[in-house]
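Please keep the sequence and the 3D view at hand while going through the points.

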Amino acid sequence: HPELALSRLFHRHRPFLLDGSGDGDGLGRYSCAGCDPLDAWVVPDVPALPHNAPSSGHPPTIHHLRARDATQPIVAPAADLFAALQATIERWHPLIAVGLLDYELGRASEVLPSHAAPHDLGTAAVDFAAYDALYRYDADRGLADILAVDPDAAARLRHKLAQPAPPPPPLQCGPLRSLTSPAQHARAIATIVEHLRAGDCYQVNVCRWLRARLATPSVLSAYLALRRIAPAPLGSFIRFDPPSPSTLASDAPALLSNSPELLLAYDFPAGTLQTRPIKGTRRRASDPVADDALRDALRMSSKDSAEHIMIVDLLRNDLGRIAQPGSVRVDGLMRCVSLPTVHHLISTVQATPAPRIGLAQLLHALLPGGSITGAPKLSAITLIDQLEPHRRGPFYGALGWLSRDRGALSLCIRTAIAHRDQITLAVGGGIVLDSTPDEEWAETEAKAAAFARALVA
């Protein structure tokens with residue numbers, strides 16, 4: 001079982017679980033776990049943007065990213081990193097890479113100024129490691145197997161999984177407290193509405209952070225409680241290396257994700273690309289009648305429908321930049337999917353990649369995710385940076401697995417970072433002209449509900 005697999009691998013080097021602990025929208029069939037990677041590629045910081053470069057009398061160097069048959073380059077300060085990540089994934093083949101891409105790396109897909117203060121979460125801009133064997137659990141069949149590059153790698157992982165796991169320590173955690181007050185959140189929304197009325201944007205996603213004391217030994221207990229209380233189709237746990245060799249192993253940050261949103265699935269041999277944006281949320285109710293009423297209200301909401309269509313159009317445009325002409329299509333527009341704590345509206349946007357498109361171009365086109373920025377994307381990103389006090393860092397970045405031919409990344413929503421005896425969670429929502437502060441605050445509370453319940457379990 002995935003929970004037991006993670007528990008048995010937890011005390012080894014860089015353990016992870018890509019956790020399909022709940023079925024949501026047809027996702028969540030498989031869970032994969034591993035530890036002790038053979039190699040890692042970590043980039044501590046996002047490349048400095050030209051706007052922030054010290055004046056030297058010389059223009060900043062801006063690198064270019066393009067498909068080999070493209071006529072126009074893509075100007076991107078992060079282009080070198082995207083290209084280097086693709087080269088690293090290809091060099092690691094047939095190993096599987098598992099890791100994190102920072103939200104700020106997506107910001108560096110364009111030439112944008114940065115105002116927000118650095119975060120204190122301990123995670124890197126890019127952090128991937130290569131594994132030669134994975135535990136895989138198929139929830140549909142109730143069967144587990146091991147995927148490995150050779151029999152020796154499979155045997156090593158099988159031996160680790162056979163070792164008994166010590167019982168996880170008791171959960172020691174304080175209550176989640178918002179770092180933003182309702183009044184501060186309302187002021188941010190009012191500023192966004194001013195920009196919406198001015199025509200600068202059509203929708204902007206703004207988030208707030210919540211934080212609680214969490215004893216470092218309780219990290220595994222917290223994640224296990226989370227997956228039991230609110231199983232998610234794209235949940236994740238990964239414990240990274242410490243930020244620097246001089247720091248203690250106990251300072252290594254861990255990511256705990258309850259994400260339901262697929263940012264990217266690609267299959268180059270099959271010629272398929274897919275993203276599943278979520279926009280539109282209602283809390284769940286314990287009473288079935290009230291729960292049905294909340295779900296129906298979401299389906300009938302003109303506000304949520306308008307928000308959702310904006311983001312679907314944005315994702316159609318993002319995929320269209322690297323897709324064969326005419327191949328972008330939308331399937332299952334605005335279907336309502338019910339998860340343990342919330343109802344969501346979800347659509348699927350699919351496309352066929354254009355010739356010679358690689359992983360680097362995919363990441364440039366889709367990062368950061370449209371559902372957690374807004375429309376138009378660049379205007380929304382710029383405004384978010386001015387309104388939110390800290391850089392988002394791992395929040396609203398992407399986490400998952402990559403290989404030369406196939407891969408899948410979830411969007412880091414409903415995601416927390418445990419670091420130095422505290423846990424930090426980000427929750428947000430899309431703001432449009434008819435948004436109200438009270439309703440938006442309630443939506444973020446609903447999105448934080450799974451963690452709030454898990455951390456007192």
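1. A salt bridge here is a side-chain nitrogen of Lys or Arg within 4 Å of a carboxyl oxygen of Asp or Glu. By that rule, E3, D19, R227 and R228 are linked in a network of salt bridges. The model is a predicted one, and a search of the whole structure finds 28 salt bridges.

2. One of these bridges joins R335 and D25, with 2.6 Å between the closest N and O atoms. R335 belongs to strand β17, while D25 is in the loop between β1 (16-19) and β2 (30-34); the two are 310 residues apart, so the pair links distant parts of the chain. R335 is partly exposed, its relative accessible area being 21%.

3. The loop between β1 and β2 also holds R29, which is linked over 111 residues to D140 in the loop between β8 (133-138) and β9 (143-148). D140 counts as exposed at 61% relative accessibility, and R29 as partly exposed at 32%.

4. R136 and D145 form a salt bridge through their side chains, at 2.9 Å from N to O. R136 is partly exposed, with 25% relative accessibility; D145 is partly exposed too, with 32%.

5. Which residues have the most contacts inside the largest nonpolar core? They are L101 and V126, in a core of 80 residues. Helix α9 (residues 359-366) gives the largest share of this core, six residues. Leaving aside residues up to four places away in sequence, L101 touches L85, A125, V126, F128, L363, L367, G397, A398 and L409. Another core lies apart from it and has 38 residues, including L9, L220, A222 and L455.

6. Helix α2 (residues 79-92) has 14 residues and spans 20 Å from first C-alpha to last, close to the 20 Å expected at 1.5 Å a residue. Its buried residues include L81, L85, T88 and W92. An α-helix has 3.6 residues a turn, so residues three or four places apart point the same way.

7. Five aromatic pairs are counted. Y223 and F237 make a tilted pair, 5.5 Å centre to centre with 50 degrees between the planes. Y223 lies in helix α6 (residues 219-229) and F237 in strand β12 (residues 234-239), so the pair ties together parts 14 residues apart in sequence. Y223 is buried at 2% relative accessibility, and F237 is buried at 0%.

8. F10 joins Y223 and F237 in a cluster linked by ring pairs. R239 lies over the face of F10, 4.6 Å from the ring centre. Elsewhere, the charged end of R208 sits over the ring of W441, at 3.6 Å from its centre.

9. Y266 and F268 form a tilted aromatic pair, with 5.1 Å between centres and 45 degrees between planes. Y266 is buried, at 3% relative accessible area, whereas F268 is partly exposed, at 23%.

10. Is T341, in a loop, buried or exposed? The loop in question runs between β17 (329-338) and β18 (342-351). T341 counts as buried, because its relative accessibility is 10% and the cut-off for buried is under 20%. Not counting residues up to four places away in sequence, T341 touches A230, R282, R283, R284, A446, A449, A450 and R453.

Notes:
Residues are numbered from 1 along each chain as its sequence is written. This is a predicted model: local features need pLDDT of at least 70, side-chain atom pairs count only at pLDDT 80 or more; totals for chains, interfaces and linings use all residues. Side-chain values use heavy atoms; hydrogens and water are left out. Helices (H or I, at least four residues) and strands (E, at least two) are DSSP runs, numbered from the N terminus. The expected span of a helix is 1.5 Å times one less than its number of residues. Buried means under 20% relative accessible area, exposed over 50%, partly exposed in between (1.4 Å probe, protein chains only). A nonpolar core is a set of buried Ala, Val, Leu, Ile, Met, Phe, Trp, Tyr and Cys residues joined through side-chain atoms within 4.5 Å. Contact means heavy atoms within 4.5 Å. Rings of Phe, Tyr and Trp (its six-membered ring) pair if their centres lie within 6.5 Å; planes under 30 degrees apart count as stacked, over 60 as edge-to-face and the rest as tilted. A charge sits over a ring if NZ of Lys or CZ of Arg is within 6 Å of the ring centre and within 35 degrees of the ring normal.
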